[in-house]
Amino acid sequence: MEYVIELKNVDKEFKVLNRHEGLKGSFQDLFSRDYRIVKAVNDVSMQIKPGEIVGYLGPNGAGKSTTIKMMTGVLKPSAGEILVNGKIPYKNRTANSQNIGVVFGQRSQLWWSLPLIESFKLLKDIYSIPDQQYKDMLTLYESLVDIKSLYSKPVRQMSLGQRTLSDILAAFLHNPPIVFLDEPTIGLDVSMKAKIRNLIKALNKEKNTTVILTTHDMGDVDALCERIVIIDKGTMLYDNDIEHLRQFFGAYRTLLVKTKKHPEELSEDEKNAELVQVENFVKEAFPDKDFTFTLTEEGWCSILIDESQVRLMKILHHLQENMKIYDVRLEEISTESVIRKIYDEH
Ligand SMILES: Nc1ncnc2c1ncn2[C@@H]1O[C@H](COP(=O)(O)OP(=O)(O)O)[C@@H](O)[C@H]1O
Ligand SMILES: [Mg+2]
């Protein structure tokens with residue numbers, strides 16, 4: 001089998017009640033036949049190879065979780081075809097669950113009041129994991145993260161980070177060929193995010209597990225995903241490797257300009273006035289070119305430049321000759337701004 005996951009022209013529609021206002025309205029809703037159709041996923045097709053880590057990205061409400069739920073067999077598509085490990089997920093839910101691991105964002109799949117190791121033992125029985133495989137897996141886990149200290153801890157006493165870590169380990173425990181992670185790093189601090197990312201990467205490498213990961217954290221994407229699929233309003237906007245995306249936007253660079261020594265001490269109005277001044281100045285000097293001007297949190301004026309139109313150095317030179325500049329910084333375009341640009345352009 002060449003692909004572990006195949007989606008062909010998949011749609012998912014939800015029938016939602018049009019709600020009425022007030023108490024009388026809620027009473028009406030009980031008997032209402034006033035429905036509208038929400039198309040959460042619209043004509044999505046993709047093919048995923050064994051061992052890939054795919055970042056499934058999109059803004060809130062884009063249709064990411066709905067797609068994951070169809071791939072795990074929780075939801076049935078309204079149209080189109082899905083094959084996971086060559087089987088239709090919602091028709092083969094038991095068989096499918098042997099072949100997948102799932103972590104849904106903040107909701108733990110583990111037993112709330114059981115010590116973690118007891119949850120693991122239950123999973124061992126549920127998935128009929130052979131003794132040796134189970135032992136080897138725990139040895140691997142112990143070499144990757146400090147999991148031993150959590151074995152005796154019930155999930156309800158864990159921090160969000162520890163719980164996420166435990167959930168991910170639980171999802172990989174029966175060594176499924178595919179693991180779905182829906183917003184795995186949401187709500188975590190920087191160091192915990194790094195820990196989780198390293199763990200996902202290590203498990204993918206060690207077990208050649210296919211990982212589908214939804215996120216709107218660009219740090220996850222930069223750390224983990226070679227390939228990204230972008231969805232917005234149910235429709236796929238992009239499916240390619242991230243390098244391709246960076247190359248496509250490779251001509252873009254960012255020039256950061258500071259005209260005062262301590263811009264962070266300026267009021268918001270003063271910062272914006274600075275930005276307008278820089279903006280007008282650049283636009284006047286290069287009237288037929290496109291730029292994007294933004295203010296950073298620290299009060300730098302940021303100019304996104306398409307170098308296929310005009311060289312960044314030319315602008316910098318012009319600014320330095322004609323304006324009082326305190327400091328400058330150059331940046332390549334970030335994954336964040338690349339993806340923002342894709343959303344904006346659609
Ligand atoms: N069970 C449901 N009933 C009705 N509408 C739903 C349901 N689940 C999701 N939706 C709608 O489908 C769209 C996509 O939701 P979702 O897949 O959760 O997006 P994402 O995970 O990308 O934030 C949203 O407009 C959401 O309100
Ligand atoms: Mg979601």
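## Domains

Domain bounds here come from an automatic or database domain assignment. The C-alpha centres of domain 1 and domain 2 lie 39 Å apart. The model is predicted. Domain 1 is made of two stretches, 5-11 and 41-247. Domain 2 covers 251-345.

## Where the domains touch

Contact between the domains involves eleven residues of domain 1 and six residues of domain 2. On the domain 1 side, four elements each supply at least two residues: α8 (218-224), β8 (227-232), β9 (235-241) and α9 (242-248). The largest share comes from α8, with three residues.

## The six-stranded sheet

One open sheet has six strands, in the order β5-β6-β7-β3-β8-β9. The pairing is mixed. β5 (100-104) and β9 are the edge strands, and each pairs on one side only. From one strand to the next, the twist averages 15 degrees.

Inside this sheet, β3 (residues 53-57) pairs with β8. The two strands are parallel and share four bridges. Tyr56 stands opposite Val229 in β8. Two strands of this sheet, β8 and β9, also supply residues to the side of domain 1 that touches domain 2.

## The shell around ligand 1

Which residues surround ligand 1? The list is Phe14, Val16, Val38, Ala40, Gly58, Asn60, Gly61, Ala62, Gly63, Lys64, Ser65 and Thr66.

By class, the shell has five nonpolar and six polar residues. One residue is charged.

## The four-stranded sheet

A second open sheet has four strands, in the order β11-β12-β10-β13. The pairing is antiparallel. Its edge strands are β11 (291-295) and β13 (327-332), each pairing on one side only. The twist averages 20 degrees from one strand to the next.

β10 (residues 252-258) and β13 form an antiparallel pair over six bridges. Two facing pairs can be found along it. Lys258 stands opposite Asp327 in β13. Thr254 stands opposite Glu331 in β13.

How many residues of β13 are buried? The count is zero among its six residues, so this strand is hardly covered, where burial takes 20 or more other C-beta atoms within 10 Å of a residue's own.

## Helices on the four-stranded sheet

Helix α11 (residues 312-322) lies across β10, β12 and β13. Its direction runs at about 15 degrees to β10.

Technical notes
Residues are numbered from 1 along each chain as its sequence is written. Chains are lettered from A and ligands numbered from 1 in the order in which they are written. This is a predicted model: local features need pLDDT of at least 70, side-chain atom pairs count only at pLDDT 80 or more; totals for chains, interfaces and linings use all residues. Two residues are in contact if their C-beta atoms, placed from the backbone, lie within 7 Å. Two strands pair if DSSP finds at least two bridges between them. Axes are lines fitted to C-alpha atoms, for helices over the stretch in contact, and angles run from 0 to 180 degrees between N-to-C directions. A residue is near a molecule or strand if its C-beta atom, placed from the backbone, lies within 6 Å of it. Ala, Val, Leu, Ile, Met, Phe, Trp, Tyr, Cys and Pro count as nonpolar, Asp, Glu, Lys and Arg as charged, and the others, Gly among them, as polar. A residue is buried if 20 or more other C-beta atoms lie within 10 Å of its own, exposed if 12 or fewer, and partly exposed in between; C-beta atoms are placed from the backbone.
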